[in-house]
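Good morning. Please have the sequence and the model open while I talk.

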Amino acid sequence: MADVFHGVSDRPWIFRGLLPTLGIDPGERPRMRLATHTRGDGERAALLVHGVAALHRTWHAVEDTLVERGYRVIGVDLRGHGRSPRGEYSMEALRQDLVDTLPAGADLVMGHSIGCVALSQALDHLRPDRAVYIDPAFWIPPMPEEGARRLRRVLATADAAQVRELHPRWSEQDVRIELEGFAAADPEFLTWTGREVAGVDNFPKAAEVPTLAVIAGEGSPIGSDGARTLAERGFTVRTIEGAGHCVHRDDLPGLLSTLEGWI
């Protein structure tokens, strides 16, 4: 293959002419296939999308419940996270990754934090029966550059004792997965989040499918104002008091109770 392209770098018209003969559309954006994890063999399908600096395994306890209830669960690592490739970061890229990787027509999609934003923008293709957004980051307060640098330092230096102190209700498995997620996250994703996502309104205009938004009672990026906005736009909204942003790890029983009728 190297011989085929030898000497064409200074003659791009030749390169463009070769692409169709190789089955490549010159205008096609390279596709990124996300690392995926599938568990269960039920007839219903559930798709799970994590948040910033996390892994698909942060859903492990929710996944257990879904498999027990007869779902085949498919989780992904977002680009720049876990075993998925790195690349340029944009909300459109995150959306397209989900479109290129996940099957359409699932019974349920569930996201957390920024994963909800990507999912909400991919619904036109994924076409699930219903959606659940766990403390969606449709709005993140503006983040000064120093704040983003401090966040990157925290992720680079955090240890188990610090995670336990911040999240006293988490299991040891959750603590371990959190640190593994930090270690496997691309710092440039955090830089992009601070520069191009923070301070931007990513609220959906309407609920395209029946959608439950579960809001954290403490530390939610959208808070009570954002919860009202979602309710006004046709979302079912429920708040879990006392739970932090990672509701599915802070208060699993409370979340599962809230999800009754949705899963």
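Start with Asp 135, which sits in the loop between E5 and helix H6 (145-157). Helices (H or I, at least four residues) and strands (E, at least two) are DSSP runs, numbered from the N terminus. This is a predicted model, where local features need pLDDT of at least 70, side-chain atom pairs count only at pLDDT 80 or more, and totals for chains, interfaces and linings use all residues. Residues are numbered from 1 along each chain as its sequence is written, and side-chain values use heavy atoms, with hydrogens and water left out.

Asp 135 has a positive phi, near 40 degrees, and is not a glycine. Most residues other than glycine have a negative phi. Is Asp 135 buried or exposed? Asp 135 is buried, at a relative accessible area of 0%. Buried means under 20% relative accessible area, exposed over 50%, and partly exposed in between (1.4 Å probe, protein chains only).

Arg 127 also has a positive phi, about 50 degrees. Arg 127 lies in the loop between helix H5 (114-126) and strand E5 (130-134), and counts as exposed at 52% relative accessibility.

Next, helix H4 (residues 91-101). Of its 11 residues, 10 are buried, so H4 is largely enclosed by the rest of the structure. Among them are Met 91, Leu 94 and Asp 97. The buried residues of H4 pack against partners including strand E1 (36-39), H5 and helix H9 (187-197), where contact means heavy atoms within 4.5 Å.
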